[in-house]
Amino acid sequence: ISHQNGSIPLFLKLTKGRKFGYDVHGILSIQKEYLHEKAARNKLLFYLSLAEEKYIYKYADVINVGSERMMNFLKSNFQTSAVFVLAPDGLLRSDFTEHLDSEKVKLMKNKFGIKKNDKVLFFAGNFKKFGGVHYLVDAFCQLAGQIDNLKLFLIGSGQMERYVIRQIMANKLEDRFVHLKQVDYRLLPYYQQLATLIICPDMANRYNEMIPHIKFFDSISSGKPVIATGFDVLKELIPANKGAVRYC
């Protein structure tokens, strides 16, 4: 069973005849954003992976996808005889009233200098270009001059990290910006409680419009207000009358 990377199972299939199942976590042929500001070596590795991708779909025996849109895209754009398994991500329960230690939340607010009247925009996820974190940072920089108590709390790192830091420094907003590269996933609900508003700023592209990301469900499960990009695949998952998500 191959999670995201198919190189080894493809090799075993071609040399030993071993069957394999491939769990799709990206489609390189429509995600050229990965090349943004990459060094020559990394660009070469990307194109090698891109060439390999079509053979993974061609020889995989089972392909696990997260949405019907993704399944239809793969069937239409790649030569494959695989059996498709549709296993959408989602929320494992409807009740999100899990008790959190209020004292721990209070200590975290003190640690990061978050005051009672602060308005905190929050994002946790990979800083991929198609994840749109740079749009969130641009919006924060524009709004910060109008809203004195606005702060930005980001958890993550990656492709757009240098852009994020440059923008914050250029606008002299370091004292209103908190950035953690990585946290214990079990503590994510506590960090989310520091937010006034959680943002999932994914850019409109074919991949994002096929599949909702785990960070979206993490955000919804926090019980906090969430703003997400208005993809149909998300609207189908969260009924409008739930009032859980605002689309923009």
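Visitor: How many bridges join E1 to strand E2?

Guide: In general, the strands of a sheet pair through backbone hydrogen bonds, either parallel or antiparallel. Here 2 bridges join E1 to strand E2 (residues 21-23), and the two run parallel; two strands pair if DSSP finds at least two bridges between them. Strands (E, at least two residues) and helices (H or I, at least four) are DSSP runs, numbered from the N terminus. Within this pairing, Ser 2 stands opposite Tyr 22 in E2.

This is a predicted model, in which local features need pLDDT of at least 70 and side-chain atom pairs count only at pLDDT 80 or more, while totals for chains, interfaces and linings use all residues. Residues are numbered from 1 along each chain as its sequence is written, and side-chain values use heavy atoms, with hydrogens and water left out.

Visitor: What is the strand order of the open sheet, and which strands are its edges?

Guide: The open sheet has 4 strands in the order E1-E2-E3-E4, with parallel pairing. Its edge strands are E1 (2-3) and E4 (83-86), each of which pairs on one side only.

Visitor: Which residues have the most contacts inside the largest nonpolar core?

Guide: In soluble globular proteins, nonpolar side chains tend to be buried together. A nonpolar core is a set of buried Ala, Val, Leu, Ile, Met, Phe, Trp, Tyr and Cys residues joined through side-chain atoms within 4.5 Å, where buried means under 20% relative accessible area, exposed over 50%, and partly exposed in between (1.4 Å probe, protein chains only). The largest such core has 27 residues, and those with the most contacts inside it are Phe 112, Phe 122, Phe 153, Tyr 191, Leu 194 and Phe 216. A second, separate core of 22 residues includes Ile 56, Met 70, Phe 73 and Phe 78.

Visitor: How many disulfides does a search of the whole structure find?

Guide: A disulfide is a covalent bond between the sulfur atoms of two cysteines. The search, which takes a pair of cysteine sulfur atoms within 2.5 Å as a disulfide, finds 0 in the whole structure. Cys 141 counts as buried because its relative accessibility is 13%, and Cys 200 likewise counts as buried, at 3%.

Visitor: Where does Lys 172 lie, and is Lys 172 buried or exposed?

Guide: Most residues other than glycine have a negative phi. Phi of Lys 172, however, is near 55°, a positive value in a residue other than glycine. Lys 172 lies in the loop between helix H6 (161-170) and strand E7 (177-180), and Lys 172 is exposed, with a relative accessible area of 67%.
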